Amino acid sequence: MSYVIGVDLGTSAVKVLLVNRQGEVVSESSCDYPLIQEKAGYSEQKPEDWVSGTKKALAQLVKQAQVPSEQIEGISFSGQMHGLVLLDENRQVLRNAILWNDTRTTKQCQEIYDLVGKERYIELTKNLALEGFTLPKILWVKSNESHIFEQAAKFVLPKDYLRYRMTGQIHMDYSDAAGTGMLDLNKGEWSSEIASAVGLDESLCPELVHSHKYVSQLNEEFVEETGLSAKTKVFAGGADNACGAIGSGILGEGKTMCSIGTSGVVLSYEDDSTATYDGKAHFFNHGKEEAYYAMGVTLSAGYSLNWFKETFAKELSFEDLLADVDQVPVGSRGLLFTPYLVGERTPHADAQIRGSFIGMDSSHEIKDFARAVMEGITFSLNETIEMFRERGKTIDTIYSIGGGAKNQEWIQIQADIFNANIVRLTSEQGPGMGAALLAGYGLGWYQSLLEGASNLIEVKDEIKPIPENVEKYRRLFDLYKNVYYQTKSINDGLVDFR
Ligand SMILES: Nc1ncnc2c1ncn2[C@@H]1O[C@H](COP(=O)(O)OP(=O)(O)O)[C@@H](O)[C@H]1O
Ligand SMILES: O=C(CO)[C@@H](O)[C@H](O)COP(=O)(O)O
């Protein structure tokens, strides 16, 4: 037998999957790590926590799988995107990583537009300069922690740092590089124009590689501490959303995915690099060569539900919290939630907006609130689906992945709000499966990622929308969209009190 490992370096945890050549998940393991939130709008993690968490999860995986380690032929990665890891000339980490959901950089985003020109910036990168992207974070460190910036020799993204620690080699793949805000997406290279306009030395940027590229074998430290073989080949890997797309077979025009992890994502495959969304949706390189995707992002998707649980029902598991939501009618008995807990990206690129519950009634119970949170997250994702449909995309089937796909009622809510069939796969761990597929493709197990995905991915079920609910949600969605505009100036006024 032969196997590969997919490592999904998420925001809440690292999850590792051992997958055989038939695509069966033979064993899985995970390890959580904390978010560090010193102030409103800040979100950091310690890169060392990713490394120790991955070692633990891999050691556990190897132990419980009981397969000879030489049969684990390859390993690859899916990583939370955009997070800035700054390294000095000795490859030592200079500060905590600043994550994708950290929004301290509004000033730096404006600075980028002032220096490069907004239209030109969008033309080069195909994206807006958003607070979550890496370039504004680098500029924030440059302005606010100049003593640290002076020592910086390279920047990498979370999974690139982990891969470096496993191999001693530094690379970044195109799908993750696209999310830095510094890649010239048309040329497929670091943009010298942007680097020189914002005053950065291009030597900070790592070498670019394709996601299925072989980079090295595992180093001794990882072999010793995990029980893996020194012969295991390490492949570059990709951005979590690109890997989620690979792992759910979003590898051709017309395919759409919805992922509810810490963030929420609606992603649609694009063949054509000249497609333009004028920054209204993110537009990034896929983990498949010469392919792209358009994507809308809800910053606090699963994070909103997690926040709700931790704040108001800490003692309950997700299963217990959501046990009765199917008994609450569509619309949560007049309760609406907007998931703007850390600001928003799509369709409102707004770091100041914050969430609300509208319509609270003294008869509301915890199950009504829980359902309202799930509905609000789904309405937010529907704003991207609406945008894609308005641009002519046909979206009648959506592949649903991430922690949110674990709950049956939430899947029905997705079908009803999106008015589309929702397909679930046997493993909802799309990104980890995508990473495993990249390793398999890199090893030459199949001729293309599509061939690998067709052989390996298995549909679990397909849930259809209920027409009566679709109609009710259509009315509620119009009310939901209004909440942003009605609460914007109130939230601007509240900034000083955060
Ligand atoms: N049983 C469940 N039912 C519904 N949602 C869940 C369940 N378990 C976890 N979640 C949601 O999934 C989120 C984590 O999803 P995951 O894809 O693991 O995230 P990430 O990749 O960002 O670490 C949690 O924040 C939570 O909102
Ligand atoms: O910022 C984005 C995409 O642009 C996020 O999707 C991150 O990539 C984090 O993902 P999860 O931890 O939610 O999977």
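This is a predicted model: local features need pLDDT of at least 70, side-chain atom pairs count only at pLDDT 80 or more; totals for chains, interfaces and linings use all residues.
A polar contact is taken here as a pair of N or O atoms within 3.5 Å; within protein, one atom must be able to donate a hydrogen and the other to accept it, and residues adjacent in sequence count only if both atoms are side-chain atoms. Residues are numbered from 1 along each chain as its sequence is written, chains are lettered from A and ligands numbered from 1 in the order in which they are written, and side-chain values use heavy atoms, with hydrogens and water left out.

A backbone N or O atom of Gly403 is placed 3.1 Å from an oxygen atom of ligand 1. For Gly302, a polar backbone atom is 2.8 Å from an oxygen atom of ligand 1. Lys15 contributes through its side chain, a polar atom of which lies 2.8 Å from an oxygen atom of ligand 1. On its own, ligand 1 has 580 Å² of accessible area, of which the protein covers 86%. Accessible areas come from the Shrake-Rupley method with a 1.4 Å probe; for residues, only the protein chains shown count as cover.

The shell around ligand 1 has 19 residues, of which Ser12, Lys15, Thr262, Gly302 and Gly403 come nearest; a residue is near a molecule or strand if one of its heavy atoms lies within 4 Å of it. By class, this shell has five nonpolar, 11 polar and three charged residues. Ala, Val, Leu, Ile, Met, Phe, Trp, Tyr, Cys and Pro count as nonpolar, Asp, Glu, Lys and Arg as charged, and the others, Gly among them, as polar. At least two shell residues each come from strand 2 (13-20), helix 11 (302-312) and helix 12 (318-321), and helix 11 gives the most, with three residues. Helices (H or I, at least four residues) and strands (E, at least two) are DSSP runs, numbered from the N terminus.

Around ligand 2 there are 14 residues, and Thr11, His82, Asp240, Ser263 and Arg345 come nearest. An N or O atom in the side chain of Thr11 is 2.5 Å from an oxygen atom of ligand 2. The corresponding distance is 2.7 Å for a polar side-chain atom of Asp240 and 3.0 Å for an N or O atom in the side chain of Asn241. The protein covers 93% of the 380 Å² of accessible area that ligand 2 has on its own. The shell around ligand 2 comprises four nonpolar, eight polar and two charged residues, with helix 10 (240-247) and strand 19 (292-298) each supplying at least two.

Asp240 is located in helix 10 and carries the UniProt feature "active site", from an unreviewed entry. UniProt positions are given in the numbering used here, feature names are shortened, and annotations may be inferred rather than shown by experiment. Asp240 has a relative accessible area of 18% and is therefore buried (buried, under 20% relative accessible area; exposed, over 50%; partly exposed, in between; 1.4 Å probe, protein chains only). Neighbours within four places in sequence aside, Asp240 is in contact (heavy atoms within 4.5 Å) with Ser78, Gly79, Gln80, Met81 and Pro431.

Lys55 belongs to helix 1 (residues 47-65) and is buried because its relative accessible area is 12%. The side chains of Lys55 and Glu221 form a polar contact of 2.6 Å, and a polar contact of 3.4 Å links the side chains of Lys55 and Glu225.
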